[in-house]
Amino acid sequence: MSIEVFRDKWGVPHLRAADPSELSHAQGRVTARDRAWQLEVERHRAQGTTAAFLGAAEVGWDTFARQARLADTARRCFDRLDREDEATARWVRAYVDGVNEGLAEGARRAPEFAATGLVPGRWEPWTPLAVWLSTHILFAGFPTKLWREEVARRLGEEWTELFATDGPGTAGSNGWVVSGDRTASGSPIVAGDPHRFIEAPGVYQQIRLACPEYDVVGLAVPGVPGLAHFGHTGGVAWAITNAMADYQDLYRERLRRTADGGVEALGPDGWHPASVHTETVEVADAEPVEIEVIETARGPVIITDVTGGFGGLGSRGDAAADADADADADADASGGSEGPGAPGNTDAASGEPGAPGNTDAASGGPGAPGNTDAASGEPGAPGNTDAASGGPGAPGNTDAASGEPGSPGAPGTGPGPAGDGHAGAGGDADAVTAGHGLAAEGGASAGTGTGTGTGTGEGAVTAGHPIAAQPGTGADLGADPGAGPGAGPGAGSGAGRSWEGISLRYPPRVTGELGFRVLPELLASRTVADVDRAVDGWVEPVNVVQAADTTGGLLHRVAGHVPVRDRANSLRVVPAWEAGHAWRDRSAPMPRADVDGHAVMANARGLAAPLGVEFAPPHRAARIDALLAESTNWTPEAMVSVHTDTDNPSAARLLAAIRATAATDDEPGTAPGVATRTGIPVAPQEAEPVAPARSGAESEAPGRVGPADPGTASEAPAGAGPADPGTATAATGSAAPGTAEAAGPLAGRHTRALSPEASHVRARLLAWDRRMESGSRDAGLYAAVRGAVVRRIAAHPSFEALREPAPYPALFQPWLALGPRVAFALETLLVSGPVPAGDVAEIVREALEEVAAGEEPAAWGVTHRLAPWQALPDPDDAQWPGLGGDHDCVLSTSSVPGFTDRSARASAARYVWDLADRDNSLWVVPFGASGVDGDAHHRDQLPLWLRGELAPVTTDWHHLTKELPHDDH
């Protein structure tokens, strides 16, 4: 082979080879040398085998990965790729061969292997596809549909979309393209920053891939060949953000056990056999866990028993379904109908999905294209669970010290929360894990949460890993791994026994297509037209794509596979026995738009609106648009001012509520503006940010899990009240907001004038410039008041019904906890919803008093500190720096207001692609090019990233250092 490896001053690998296959091999090998531990963690996550070396905290994720058939789906997708595109299959194999060649050397350099006793395994040709799938499976936020079910059942149908807003584990990515007539060079610029859960090592790998066919720099996903999301070929550059489309469905399945131990599922045309087998999850230092894997004609059953867990679904209801089941029972009692499914679909007799590319056997009326839910800003993967408790509780009914989550009698026999995290010394802080996020820019990810708290006053938080949303994050190792809801094989045991479960239908499982054939096409692109043609074949996740080329060509479009089906599929869990919820055999058309001067993509409603239900609030998109409009002379260096903007538009509504609070008995506390239901004035220019709750209409919101689990115990920011509003006492010494004395009912209570101290807090906030700068004490003050308001609203009697933990695996609890839902829907809840207007006003007044009575909050960056996810957490939590920005700032650094200021999600990379001269391009990642602790390039970019600075992209081979064999860079 003629492979050459060069490094720039930041240790970024620049690879040169004789052909694309040899280059792919080089990419795999250098990635294995630089990031062996990261690669092996990802491989095990995809296979559902992480608990074998990381412990019981990973059982929940491993159970999900197996029951969702992630590895098997990746095999199917690779088999189809191998049949239909042999060249791309060879290219993927070359990458895998390179990984296998470099793993042993990389493992010798990585201390984590010795620490866990893990021995490097062998990658298969389908492993990169499995890594990609496991990284993004939670990205579309399908657990949001479980949340809507719970809201409808417990609070009422009219409130189903009340909380439709950006969630703690999703959107936050920014991207923009500026045309040449608005730049100093006359050539376009593509720039942005994907906001994901921050992992160490980072989720993006800076790399250059050069061979005679192409020469591309960009950001790779470790474990996956090529440059799927961000790249610059010299002639054309591209970038993506999460489109917030909904392309995964949940079906309520009626299941029954047959005499021979098999399982049947009720479909539109009666009972049919489902495929079923058991698997064993090995657990380090604990007994193995046996799980049952069931797949119906709709898809894999990921929640094996929810019998009695939620109310009737579908237009016909339970009674009709029961009648159908009874009518079919006699004819099918001995094993079910052997009749085949619809032609080209699923084999009804075996329950096995048909050949790749086929669709569900059930037929039904088409749903209008674009009637889908947006990967909703749902909290990312778990990992949002409390490390001390192993799972999120709900404000008002969770013990802040123990974090005990589930309600007694949760159905199921399978593994539940289990882990090794525990509170720090003295129990004064809970270790909180947050979902990880390789989830395509802001996508839903999950976290393993194996970290432990350090006992600091603000709470130790470890960000959860991609897709890992570990249920059970951090529960006591002695916990019974079979205590969680419905994972074990015992569900429905006994012939004739019937129960209900929930299956997941997702495009790659149905079609056998993951879109990998696009990857080499992107590398070979020369123009915008090339990129456009390439992404026509994209599948998952669904992205907004922007591109520009040296001729001035511009692209702004959506790419991916969104199935056409009934609108109800996008909103809720739908009954598997109703034919109208079947997928059609076509996908929705992908929207596109012309670029006039500049275009912005920031997860908000807009281009992708027909494809989703929930999108991010428009704040970031509107702010970027306004900033770009200020100049017609943009340069790559000037883009830093956009990346790092800390204006917080979402603060406007709470500030209006604070303004409306009387400072003295003589002051009415009103302000000019637009009247709202609550009486809180909203200035005309602020009337748009967050639309009031809608019923049956499309909403706005963005996808792995938010940092703390506000539903359980976690840190309360300085000056704030208790982390658990239902059980503790506020810092002021007054009753906890979850008690009758504090929370209400407050309607009818006269809103008293503020004390002098609270009036001072009010005056400071009304004079604040709304910037969430790290060193700003006023920003810290605002965060403290906001947190107090969030906790009180969450503890209001109106939401009592939502505090009981939902009967689903802990993996999905970050989407189901009331606390984060209130935190991220605060703008809406201040002006609409079930909490009476008078109570909202009193809550704001009490929050001001609470903060005023406590110790003055520190500057924002003191508590708003980075909390990266690590498979083996670094015990030195104090090392992580403070950050500026906030969830709705362009500098999006997300925490969970009211429950933790720690930020697990931020810019996973920043980039500026210059089409005038590629060497003028800029980039940075949070840590460094190497995943090896102690390497010179392990964290050398962190200071740049913190300051908002960017490193130059160097492509002149003469300015690079050639790596000799066995060099330890």
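The model is predicted, so local features need pLDDT of at least 70 and side-chain atom pairs count only at pLDDT 80 or more, while totals for chains, interfaces and linings use all residues. Residues are numbered from 1 along each chain as its sequence is written, and side-chain values use heavy atoms, with hydrogens and water left out.

**The sheet and strand S3**

- Six strands make an open sheet in the order S21-S3-S4-S24-S25-S26, with antiparallel pairing; strands are DSSP runs of E, at least two residues, and helices are runs of H or I, at least four, numbered from the N terminus.
- Two strands count as paired if DSSP finds at least two bridges between them.
- At the edges sit strand S21 (598-601) and strand S26 (951-952), each pairing on one side only.
- S3 pairs with strand S4 (residues 189-193) in the antiparallel sense over five bridges, and Asn174 has Asp193 in S4 as its bridge partner.
- S3 also runs antiparallel to S21, joined by four bridges, with Val177 partnered by Ala599.
- Further along, three bridges link the antiparallel strands S24 (residues 910-914) and S25 (residues 922-924), and Arg910 stands opposite Val924.
- Five of the five residues of S3 are buried, so S3 is largely enclosed by the rest of the structure; buried means under 20% relative accessible area, exposed over 50% and partly exposed in between, using a 1.4 Å probe and protein chains only.
- Both faces of S3 are covered, with Asn174, Trp176 and Val178 buried on one side and Gly175 and Val177 buried on the other.
- Helix H14 (residues 619-628) lies across strand S3 (174-178) and S21, at about 155° to S21.

**Nonpolar cores**

- The largest nonpolar core has 208 residues; such a core is a set of buried Ala, Val, Leu, Ile, Met, Phe, Trp, Tyr and Cys residues joined through side-chain atoms within 4.5 Å.
- Phe64, Phe163, Val789, Ile793, Phe799 and Phe812 have the most contacts inside this core, and H19 gives the most to it, with eleven residues.
- A second, separate core of eight residues includes Val59, Val281, Val289 and Val293.
- Leaving aside residues up to four places away in sequence, Phe163 touches residues including Trp147, Phe799, Leu802 and Arg821; contact means heavy atoms within 4.5 Å.

**Helices H4 and H5**

- The axes of helix H4 (residues 70-84) and helix H5 (residues 86-109) come within 5 Å and cross at roughly 130°; axes are lines fitted to C-alpha atoms, for helices over the stretch in contact, and angles run from 0 to 180 degrees between N-to-C directions.
- H4 and H5 are therefore oblique to each other, the label for whatever is not under 35 degrees (roughly parallel), over 145 (roughly antiparallel) or 65 to 115 (roughly perpendicular).
- Phe78, Leu81, Asp82 and Glu84 in H4 meet Glu86, Thr88, Ala89, Val92 and Arg93 in H5.

**Loops worth a look**

- Arg803, in the loop between helix H19 (777-794) and helix H20 (813-816), counts as buried at 3% relative accessibility.
- The Arg803 side chain reaches the backbone oxygen of Ala794 at 2.9 Å and that of Ala795 at 2.6 Å.
- A cis peptide bond joins Ala200 and Pro201, with omega about 0°, and the bond from Glu540 to Pro541 is cis too, with omega near 0°.
- Asn603, in the loop between S21 and H14, has a positive phi near 70° and is buried at 3%.
- Arg770 isn't a glycine but has a positive phi of about 70°, and this residue counts as buried at 18% relative accessibility.

Terms used. Polar contact = N/O pair within 3.5 Å; in protein donor to acceptor, adjacent residues only side chain to side chain.
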